[in-house]
Each structure stands twice: as C-alpha cells, then as structure tokens.
Amino acid sequence: MEQQLYTITIYSENKLGLLNRVTGIFLRRHINMESINVSKSEIDGIFRMIIVTCTTPKWVQHIVKQIEKQIDIIKVFYHTDKEIVFLENSLFKMPTEALFSDNSSIQSLIDRHNATIVTVNERFFVLSKTGSQESIEHLYEALKPFGIMQFSGSARISVFKDDVAVTKFLQEQVNS
C-alpha cells in the first residue's frame, strides 16, 4: 500500500500526560509525525490536537483505534488533504536594511507572496505569511538572499470539509 499524508484530529480533555501518551503511540510504531498542533476547540474545556503523518491507510486506521482507547480522548478523526481545509503560518525576521535598500525588490516580493509586515524597528522587521507549506517554502527561498535572521513555522491547522457534526457530538459528550 502506498503512503500518503493524513491529518489526524483528536478531541480530548486537557489532561497532564495525554500528549505524551499520544506521541508514544507513534513512537512505538516507528511512525513519524510531520507536525503537531494543540489548541482549544469550539467547546469550552475541549482541546483539539492536529497531527500530520505520512503512512498507509491501514496504519492510520490502526493508530486512530489506539488513540481512541486512551483515557480522556473523546473522539478521533483522520482525513486526507482533499477532505480538509488546512493552512500553516510562519514568521520571518529580516534585517531592516533589506526593506529600505534602494535596489531591493523585497517590497514587491512581500506583495507577490501575500505576506504581511508585522513590525519594523531599526535592526529588523518581521513578516507573517499564512498559506500552504509550499507557499511558505517558496517565500523562504525567495527571502534567503536578503538574510533571514530567524524563521518560525507553525504546525498545520485544519477544519473538515464534510458536514461532520463535531460540535454537536462534543457538546453531547461533555453534557453526558
């Protein structure tokens, strides 16, 4: 079976050690996590963990079953890239002289890549870019000649395209 990217979305309570137990499931099976993001969900007291992994359909199903067996896990979903809307965010710290140089084309580069200047001071400025991993990588490569001082990229965030009644389901679980 051919491997592909899967986004695993885990809904849980915010309990100490849960993240460690979930990542241990991947570790024991020697399956790499491409990214991981933990945040609040639309329901108070419920958190969403988004893990991106490259594996086979058989293994993603197996992993999901193992995660669902964990105490404090409410529900786990997995999707391919075609079944979700997803983005990443990044910050680029750049030297200020690159922004104000007469021969610099960085202003048009920022516009072309739909990036935003977040802050500017005498030593550096910070750009923010939201988009696909590929669009962030293209901006990274384009900014290299100007001297990237620091780079930070987020993990994937996503929502389902289909009409999964997640909010209703979660509210029922919390209220029961």
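Which residue lies over the face of F124? It is K93, placed 4.4 Å from the ring centre.

1. Basis of the note. This is a predicted model, in which local features need pLDDT of at least 70, side-chain atom pairs count only at pLDDT 80 or more, and totals for chains, interfaces and linings use all residues. Residues are numbered from 1 along each chain as its sequence is written, and side-chain values use heavy atoms, with hydrogens and water left out.

2. Charges over rings. A charge sits over a ring if NZ of Lys or CZ of Arg is within 6 Å of the ring centre and within 35 degrees of the ring normal. Besides K93 over F124, R156 lies over the face of F86, at 3.8 Å from the ring centre.

3. Aromatic pairs. The structure holds six aromatic pairs; rings of Phe, Tyr and Trp (its six-membered ring) pair if their centres lie within 6.5 Å, with planes under 30 degrees apart counted as stacked, over 60 as edge-to-face and the rest as tilted. One of them joins Y11 and F77, whose ring centres are 6.2 Å apart and whose planes meet at 85°, so the pair is edge-to-face. This pair links distant parts of the chain, since Y11 belongs to strand β1 (residues 4-13) and F77 to strand β4 (residues 73-79), 66 residues apart. Strands here are DSSP runs (E, at least two residues), numbered from the N terminus. Y11 is buried at 3% relative accessible area, and F77 is buried at 15%; buried means under 20%, exposed over 50% and partly exposed in between (1.4 Å probe, protein chains only).

4. A second pair. The rings of F92 and F151 have centres 5.0 Å apart and planes at 50°, so this pair is tilted. F92 lies in strand β5 and F151 in strand β8 (residues 150-153), so the contact ties together parts 59 residues apart in sequence. F92 is buried, at 0%, whereas F151 is partly exposed, at 38%.

5. Strands β5 and β9. Two strands pair if DSSP finds at least two bridges between them. Strand β5 (residues 84-95) runs antiparallel to β9, joined by four bridges, and I84 has F160 as its bridge partner. In β9 (residues 157-160), S158 and F160 form the covered face, while I157 and V159 form the uncovered one. F160 also belongs to one aromatic cluster with Y11 and F77.

6. Strand β3. Nine of the 10 residues in β3 (residues 46-55) are buried. Antiparallel β1 is joined to β3 by 10 bridges, with Y6 partnered by T53. Seven bridges join antiparallel β2 (residues 33-40) to β3, and I36 stands opposite I51. β2 and β3 form a hairpin with five residues between them, where G45 in the turn has a positive phi of about 85°.
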